[in-house]
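Subject: Structure handover

Hi,

Here is the structure we talked about. Please open it first, then read my notes below.

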Amino acid sequence: MKNTLKKITFENILLGITMPIIGVAIYMIFMWVPTEQTLGISQRIFYIHVPSAWTALLSVVIVAIGSLIYLINSNEKWDSLAHSAGEVGVILASLTLLSGIIWAKPIWGVWWTWDARLTTTLILWFILVAYLMLRSYAPTGPQGKRFGAILGVLALIDAPIVYYSTVWWRTAHPGMNIGPLAESATLDSQMYLALMVSVVGFTLLFVYILKERYNMKQDEKEIDKLFTYYG
Amino acid sequence: MVKLIKLISGCLLGLCLVIWDSMSSITVAEFQVTSPILSYDHQIVAAAAANLPFLYAAYTIAWGIFFIYIIILSRKQKQIREELKLLRSLIQDKQIETNSKCLK
């Protein structure tokens, strides 16, 4: 009984909640939600594109918060959180760009265009990659972590530019369907619900992967400490 | 982590089955579209079928990326935990050895 209770961790509970939600989201996307009249079946890419973009922006915010707190109090836990979020953020930003490229071809007829939303998202991806490269090549110890933290805080500047790009500039990218800046009733109620379920599923999956990566980072640090103390 | 991989592979398999099912039904509709008697519904289905590979590609790539990343993460985690376990046992042995030397 004790062993069973020990196995019930935060990560396992999170995984237990996440997987059914993702299953429901997949069912809704492919079986339940209606096909959009003008964009056709490829509009369904939207249900994976928007959640991945949302979680990518969320990871940038976590990188910036973690980096800022690390710069203030030098607590390594915040640095680990920022580094882990940066790594997961690169995956999600790549997913956003790739799903966007695949969506663009049948709808716009081109794989890529230098549209404001696409360009700012690509810049965000480059910033995240630069952050990870800096973390890998910078000197080990607090100096390298501080360099990374400064870049992590600077990465946050691009996040609102990505978000407001469709409002500030005339873009080929569709406008916002959800959120405070969205035009009212632009989405069918079924589409809206499917999108929300997908966003929740993706967010929970993001939290789970981030937690696992963070735990791994802590283990790596413990190994480093043991090597330092005992040679 | 192993459980997660199993669940994700289950989801992927389910997804593939759903897409396979929808592809097969649309192929039938496409065949009908090539006939001279075209209905408006068939034209819509044909347009949808033309974009189906893009939908398939997007979801395959998305779940593929997650799947590969999680596999890499779980392998690395396993390796780190084994290394940590080994280091701890080595340190424990070293401490026991030092203590016994001190007692002597």
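Start with helix H6 of chain A. Its buried residues are Lys145(A), Gly148(A), Ala149(A), Leu151(A), Gly152(A) and Ala155(A). Buried means that 20 or more other C-beta atoms, placed from the backbone, lie within 10 Å of the residue's own; 12 or fewer makes a residue exposed, and anything in between partly exposed. These residues cover an arc of only 165 degrees around the axis, so they sit on the same side of H6(A). That arc is taken from the directions from the helix axis to the C-beta atoms. An α-helix has 3.6 residues a turn, so residues three or four places apart point the same way.

A word on the source. This is a predicted model: local features need pLDDT of at least 70, side-chain atom pairs count only at pLDDT 80 or more, and totals for chains, interfaces and linings use all residues. Residues are numbered from 1 along each chain as its sequence is written, while chains are lettered from A and ligands numbered from 1 in the order in which they are written.

Back to H6(A). The cover over its buried residues includes helices H3 (46-73), H4 (76-108), H5 (116-137) and H7 (158-168) of chain A. Helices (H or I, at least four residues) and strands (E, at least two) are DSSP runs, numbered from the N terminus. Ala155(A) touches Val60(A), Val63(A), Ala64(A), Ile127(A), Leu128(A) and Tyr131(A), leaving out residues up to four places away in sequence. A contact means C-beta atoms, placed from the backbone, within 7 Å.

Ala155(A) also belongs to the largest nonpolar core, which has 63 residues. Such a core is a set of buried Ala, Val, Leu, Ile, Met, Phe, Trp, Tyr and Cys residues joined through C-beta atoms within 7 Å. Among the members that touch the most others are Ala155(A), Leu57(A) and Ala58(B). H4(A) gives the most to this core, 14 residues.

Now chain B. Its secondary structure is two helices and zero strands. Of its 104 residues, 13% are buried. In all, 30 residues of chain B are in contact with 32 residues of chain A. H2(B) supplies the largest share of that side of chain B, 22 residues.

How confident is the predictor? The complex gets an ipTM of 0.82 and a pTM of 0.81. Over residues 24-37 of chain B, pLDDT stays under 50. Where pLDDT is low, the predicted coordinates should not be read in detail.

Best wishes

Note on methods
Contact = placed C-beta atoms within 7 Å. pLDDT = per-residue confidence, 0-100.
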